[in-house]
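Dear colleague,

Please find below the structure that I am handing over to you. I would be grateful if you could look through it before reading my notes.

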Amino acid sequence: MRETESPQDPKAAAPTSLESDCGNCFGLCCVALPFSAGSDFAENKRAGNPCHNLRTDFTCGIHARLRESGFQGCTVYECFGAGQRISQVTFGGRSWREEPDTAGPMFDIFPIVRQLHELLRYLTEALTFEPARPVHAELRQALEETDRLAGGTPEEVLALDVPAHRQRVSDLLLRAGELVRAAVPGRPEHRGGDFFGARLRGADLRGANLRGAMLVAADLSGADLRLADLIGADLRDTNLAGADLSTALYLTQSQLHAARGDAGTRLPAGLSRPAHWPTTTAPTVAPAGKPRGGAGSRSGSRSGTGKGGGNPARGRRR
């Protein structure tokens with residue numbers, strides 16, 4: 001349901017990179033954000049304090065072995081290009097180490113610009129939805145406005161009413177998604193649903209609204225998630241082996257890094273199979289049908305991540 005040809009490349013409408021480039025960032029996520037010891041991080045760190053694994057050249061000393069070292073949360077975090085924009089554009093390449101006076105404002109605006117860049121990423125994707133053409137003009141306007149806000153001075157960024165702007169964009173993204181999902185009759189509505197640990201093997205979730213759904217440790221192996229809206233869905237430790245997400249809406253690379261898939265998992269164009277996923281295909285499973293009641297099993301406890309894991313908007317309704 002995405003456009004294959006368009007007179008205007010939607011990605012060209014986004015005037016800034018929406019993929020993290022750590023080589024041009026001053027390690028902002030490793031300093032500005034806090035994290036707590038648990039399943040995703042091996043230790044506690046306060047906001048504004050550099051992680052002890054951060055080198056003087058802003059590279060990570062354990063980058064090649066983050067998961068084995070207990071820092072899985074770092075592997076699923078994505079700033080959507082906010083880090084390098086702040087480092088190289090907003091502050092003109094002046095690092096917080098070279099000019100300590102920049103540290104406070106740089107760290108303060110990082111989570112705000114990151115939220116705005118996340119919205120830019122979703123808006124850019126929505127412009128590829130052919131059935132959403134009726135709202136393309138509004139999407140482009142929102143894209144330009146969001147990019148302008150993200151490019152403001154530190155003082156301007158800190159003065160923004162981000163929740164209000166995010167709500168306006170979220171409503172527009174929802175409209176775009178609904179135009180796409182309308183192709184699926186009887187599409188299930190599970191916005192904000194709690195499917196923690198749910199057994200949904202082979203479930204028919206085509207066109208489902210799973211915005212902000214809790215799918216931690218759920219078994220979605222072999223499930224059909226084509227045209228499902230997954231914006232903000234928490235996919236930590238979700239079993240996606242053999243699942244079909246080939247046309248899923250608003251799925252991000254960080255969500256995939258947080259989940260578990262295999263060689264049989266079908267992904268949308270532009271997203272890659274995480275390196276920690278097995279290269280083999282899991283055995284075929286019998287379908288479980290559509291979920292009922294919007295809640296899954298409650299065995300086990302939820303794990304928390306200081307950096308927000310693969311779902312930085314977890315806990316908010318989309």
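The notes below cover a pair of helices and then the cysteines.

Please bear in mind that this is a predicted model.

Helices α3 and α6

Helix α3 spans residues 103-126, and helix α6 spans residues 162-181. Their axes come within 11 Å of each other and cross at roughly 15°. Angles under 35 degrees count as roughly parallel, and α3 and α6 are therefore roughly parallel to each other. The crossing in which α3 passes α6 is left-handed.

The residues that make this contact can be listed for each helix. On the α3 side they are Ile112, Gln115, Leu116, Glu118, Leu119, Tyr122, Leu123 and Ala126. On the α6 side they meet Val162, His165, Arg166, Val169, Leu172, Leu173 and Ala176. Sorted by class, the contact of α3 with α6 comprises 11 nonpolar, 2 polar and 2 charged residues.

Cysteines

How many disulfides does the structure hold? There are 0 disulfides in it. A disulfide requires a pair of cysteine sulfur atoms within 2.5 Å. For Cys25, the closest cysteine sulfur is that of Cys79, at 6.1 Å, which is too far for a bond. Seen from Cys79, the closest cysteine sulfur is in Cys25, again at 6.1 Å and too far for a bond.

Are these two cysteines buried or exposed? Cys25 counts as buried, at 12% relative accessibility. Cys79 is also buried, with a relative accessible area of 8%. The cut-off for buried is under 20% relative accessible area.

With kind regards

How values were computed
Residues numbered from 1 in each chain as written. Predicted model: local features only at pLDDT ≥ 70, side-chain atom pairs only at ≥ 80, totals over all residues. Heavy atoms only, no water. Axes fitted to C-alpha atoms, helices over the stretch in contact; angles between N-to-C directions. Helix = DSSP H or I, 4+ residues; strand = E, 2+ residues; numbered from the N terminus. Parallel < 35°, antiparallel > 145°, perpendicular 65-115°, else oblique. Left-handed = near helix turned anticlockwise from the far one by under 90°. Contact = heavy atoms within 4.5 Å. Nonpolar A, V, L, I, M, F, W, Y, C, P; charged D, E, K, R; others polar. Buried < 20%, exposed > 50% of the residue type's maximum accessible area, 1.4 Å probe, protein only.
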